[in-house]
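The entries follow in the order I looked.

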Amino acid sequence: MPTLNKLLSYFKSMRKFLKDGGHTTVNIAQISNGEILNGKRVLITGASSGIGLCIAKKCISEGANVLITGRNEEKLEKAVSEINSDNLSYLKWDISDINIINSKIEIATQLLGGNIDILVNNAGVLSPIIFPNVTEEIWDQTYSTNSKGLYFLTQHICKLWLLQEDRNKKVINISSSGGFVGATYPYRMTKWDINGLTLGLGRKLASKGIIVNGIAPGRIATKMQRCKNPKENIYDSTSFMQRYGLPEEIAELALFLISDSSNFITGQTIQCDGGGYKNNS
């Protein structure tokens with residue numbers, strides 16, 4: 001006869017299945033490379049939660065000094081408290097404001113204790129409004145962060161790098177699998193921008209010692225994708241793998257691209273989307 005605990009576990013699983021349409025959990029192996037980023041200074045935009053924060057944790061675990069940015073100071077403070085490392089600091093920064101890039105870079109350099117070595121462009125906004133209901137305001141808000149802000153921040157930092165003798169620098173652009181399918185609304189269109197920029201800069205800067213690559217996540221278990229209980233259930237009916245990806249999985253790939261293990265890869269945007277999605281309209 002089944003025990004009471006087994007029965008309770010069974011009914012709990014059934015409740016999740018009926019509520020979400022399915023039930024999936026997954027265990028992710030995380031590789032420890034032994035401080036392969038020791039001494040590196042990493043700037044990660046939009047990193048108070050989700051993918052950006054997981055990348056920050058991974059970089060710190062490998063010896064890097066990391067600065068995370070975002071628009072919400074309370075969330076940034078919470079993130080720093082959660083990680084609790086002397087190698088982590090934060091800076092309130094809205095990258096859509098092009099006029100403050102110079103001053104923010106100066107502060108970032110001070111907080112990191114030296115010149116930035118790696119830029120991770122992770123900041124992004126997503127509006128639920130899509131074609132044919134997109135307004136000019138939604139368009140401008142999305143492009144000002146996802147495309148314009150990313151472009152000018154990257155340009156500014158690369159200009160500084162080109163003036164430095166040490167050219168072993170890297171840019172990692174966080175794009176989206178939506179940047180590889182038809183685009184009819186601003187979010188996906190900005191991701192097409194990012195993919196093109198990654199390829200263009202990768203080729204333009206390769207001979208200068210600056211390596212540019214990107215990651216295109218699929219549907220990841222974050223608040224942006226409205227995955228309610230990622231620790232309990234990551235089922236996703238739209239995925240061929242029938243689950244969401246985890247931010248930690250993106251962070252593992254990011255570490256590889258950030259490290260010197262990937263120095264013969266440039267201009268590439270690597271899709272990490274479980275094989276794609278059934279509905280990509």
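This is a predicted model: local features need pLDDT of at least 70, side-chain atom pairs count only at pLDDT 80 or more; totals for chains, interfaces and linings use all residues.

At what angle do helix H5 and helix H6 pack, and how far apart are their axes?

Entry on the helices. I looked up H5, residues 136-162, and H6, residues 186-205, and found an angle of about 15° with the axes 9 Å apart. Angles under 35 degrees count as roughly parallel, so H5 is roughly parallel to H6. I also wrote down that their crossing is right-handed.

Entry on the contact. From H5, I listed residues including Trp-139, Tyr-143, Leu-150 and Tyr-151. On the side of H6, the residues in the contact include Pro-186, Lys-191, Asp-193 and Leu-197. Sorted by class, this contact of H5 with H6 has 12 nonpolar, five polar and two charged residues.

Entry on the rings. I looked for aromatic pairs, and the count came to two.

Are Trp-139 and Tyr-143 buried or exposed? I found Trp-139 partly exposed at 35% relative accessibility, whereas Tyr-143 is buried at 16%.

The other pair is Tyr-151 and Phe-152, with ring centres 5.3 Å apart and planes at 80°, so I put it down as edge-to-face. Tyr-151 is partly exposed at 36% relative accessibility, and Phe-152 is partly exposed at 31%.

Conventions: Residues are numbered from 1 along each chain as its sequence is written. Side-chain values use heavy atoms; hydrogens and water are left out. Axes are lines fitted to C-alpha atoms, for helices over the stretch in contact, and angles run from 0 to 180 degrees between N-to-C directions. Helices (H or I, at least four residues) and strands (E, at least two) are DSSP runs, numbered from the N terminus. Angles under 35 degrees count as roughly parallel, over 145 as roughly antiparallel, 65 to 115 as roughly perpendicular and the rest as oblique. A crossing is left-handed if the near helix is turned anticlockwise from the far one by less than a right angle, and right-handed if clockwise. Contact means heavy atoms within 4.5 Å. Ala, Val, Leu, Ile, Met, Phe, Trp, Tyr, Cys and Pro count as nonpolar, Asp, Glu, Lys and Arg as charged, and the others, Gly among them, as polar. Rings of Phe, Tyr and Trp (its six-membered ring) pair if their centres lie within 6.5 Å; planes under 30 degrees apart count as stacked, over 60 as edge-to-face and the rest as tilted. Buried means under 20% relative accessible area, exposed over 50%, partly exposed in between (1.4 Å probe, protein chains only).
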